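Good morning, everyone. Please look at the model on the screen, and I will walk you through it.

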Amino acid sequence: MAVPAGTRPLRTHIDPSRDGSEVVSAVADRIRADFSRRVGLDDLLTAGSSL
């Protein structure tokens, strides 16, 4: 379907940056590290980890 220029609908683009996933990932990493420590798998955590 060809629509003349100027009458075409606008296209929107949703930018996924700053969607909150950074916070979710940080919490998941902390929980994973806490669990690893509780079950005695501390050696699997990276040496330079800030968790």
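First, some ground rules. This is a predicted model, so local features need pLDDT of at least 70, side-chain atom pairs count only at pLDDT 80 or more, and totals for chains, interfaces and linings use all residues. Residues are numbered from 1 along each chain as its sequence is written, and side-chain values use heavy atoms, with hydrogens and water left out.

Now the chain. The secondary structure comes to one helix and zero strands. Helices (H or I, at least four residues) and strands (E, at least two) are DSSP runs, numbered from the N terminus. Helix H1 covers residues 21-38.

How much of the chain is buried? Buried residues make up 4% of the 51 residues. Buried means under 20% relative accessible area, exposed means over 50%, and partly exposed is in between (1.4 Å probe, protein chains only). The chain exposes about 5,000 Å². Carbon and sulfur atoms supply 59% of that area. Accessible areas come from the Shrake-Rupley method with a 1.4 Å probe; for residues, only the protein chains shown count as cover.

Next, charges. Side chains of opposite charge can pair when their charged atoms come close. Our rule for a salt bridge is a side-chain nitrogen of Lys or Arg within 4 Å of a carboxyl oxygen of Asp or Glu. How many salt bridges does that rule give? The count comes to two.

Take Arg32 and Asp29. Their closest N and O atoms are 2.9 Å apart. They sit three residues apart in helix H1, so about one helical turn separates them. Asp29 is partly exposed, at 32%.

Then Arg37 and Asp34. Here the closest N and O atoms are 3.5 Å apart. Both residues lie in helix H1, three residues apart, about one turn of the helix. Arg37 is partly exposed at 34%, and Asp34 is partly exposed at 30%.

Is Ser36 buried or exposed? Ser36 is buried, with a relative accessible area of 13%. Ser36 is in helix H1. Leaving aside neighbours within four places in sequence, Ser36 contacts Leu41, Asp42 and Leu45. Contact means heavy atoms within 4.5 Å.

Last, the surface. Phe35, Val39, Leu41 and Leu44 make a nonpolar patch of about 390 Å². Patches are made of residues with over 30% relative accessible area and no salt bridge: like charges are joined within 9 Å, nonpolar side chains (Val, Leu, Ile, Met, Phe, Trp, Tyr) within 5 Å. Phe35 is in helix H1 and is partly exposed, at 47%.

Thank you.
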